[in-house]
Amino acid sequence: RALVTISFGGLLTTTLTQVDAVTSVTPLVHLAQNQYIGTYEQLTAPYGGLVGLLMGTYGGAIGESISFAIIIAMIYLVVRRIIDWRIPAFYLGTVFFMTWIVGAMNGVAGIWYPLFHLLSGGILFGAAFMATDLVTSPVSRKGKVFFGMALGILTVIIRLLGNYPEGVFFSILIMNLFKPVIDRGFMGRMNLPLKRGEICFWLVSFLIVIGIAVLIGIMI
């Protein structure tokens, strides 16, 4: 998908004249057209508000728009311990926190703006089914936390500053490359108490998240 998107993006958006279908702007493309900031009515009204985004009553890639079903599936997978909760929780939490900062810096009050980001595009699908892949995700618990945070940072950067309105699968592919490095750095520390150096590491990581969010808020 990444290869086709990068190399043949124009062909993907070419109008097919012999197909009986209705096309419309996706929520993230609509967000980009509004310079990434707008009122609740501007950004969500064409899609039935947050409820419409949750129920998936809008156009999008196959599977990714039915947010409520993906959330139920994610909860089921976590409860059955098929996937670890840390990656999706810190992935979605980082995106929520960063977009909330970006929105607040640009006069968008409330939590609807970060919820708009979570319910739009493929972030829920990626967090539930792609980022949690057992082969390409870290093994250690702390490694999973770092992995999820890094995914959130990259997704927000690509989504709000990049040339593509969506950054989920690019973020996952990039972080998959660092899976061995993350495992090597966190292996053996799964159940050990945090040491002073690790506390500083996580504190710096948290400050980096805030700093990048503030920088994006200024740039857009």
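**Surface, fold and one glycine**

Author: The protein chain exposes about 12,000 Å², of which carbon and sulfur atoms supply 70%; accessible areas come from the Shrake-Rupley method with a 1.4 Å probe, and for residues only the protein chains shown count as cover. This is a predicted model, in which local features need pLDDT of at least 70 and side-chain atom pairs count only at pLDDT 80 or more, while totals for chains, interfaces and linings use all residues. Residues are numbered from 1 along each chain as its sequence is written, and side-chain values use heavy atoms, with hydrogens and water left out.

Reader: How many helices and how many strands does the secondary structure of the protein chain come to?
Author: Elements are DSSP runs numbered from the N terminus, with helices (H or I) needing at least four residues and strands (E) at least two. Counted in this way, the protein chain has zero strands and 13 helices.

Reader: Is Gly-56 buried or exposed?
Author: Gly-56 sits in the loop that links helix H5 (49-55) to helix H6 (67-79). Buried means under 20% relative accessible area, exposed over 50%, and partly exposed in between, with a 1.4 Å probe and protein chains only. Because its relative accessibility is 18%, Gly-56 counts as buried.

Reader: Which residues does Gly-56 touch, not counting residues up to four places away in sequence?
Author: Contact here means heavy atoms within 4.5 Å. The C-alpha atoms of Gly-56 and Ser-120, 64 residues apart along the chain, are separated by 9.2 Å. With residues up to four places away in sequence not counted, Gly-56 touches Ser-65 and Ile-66.
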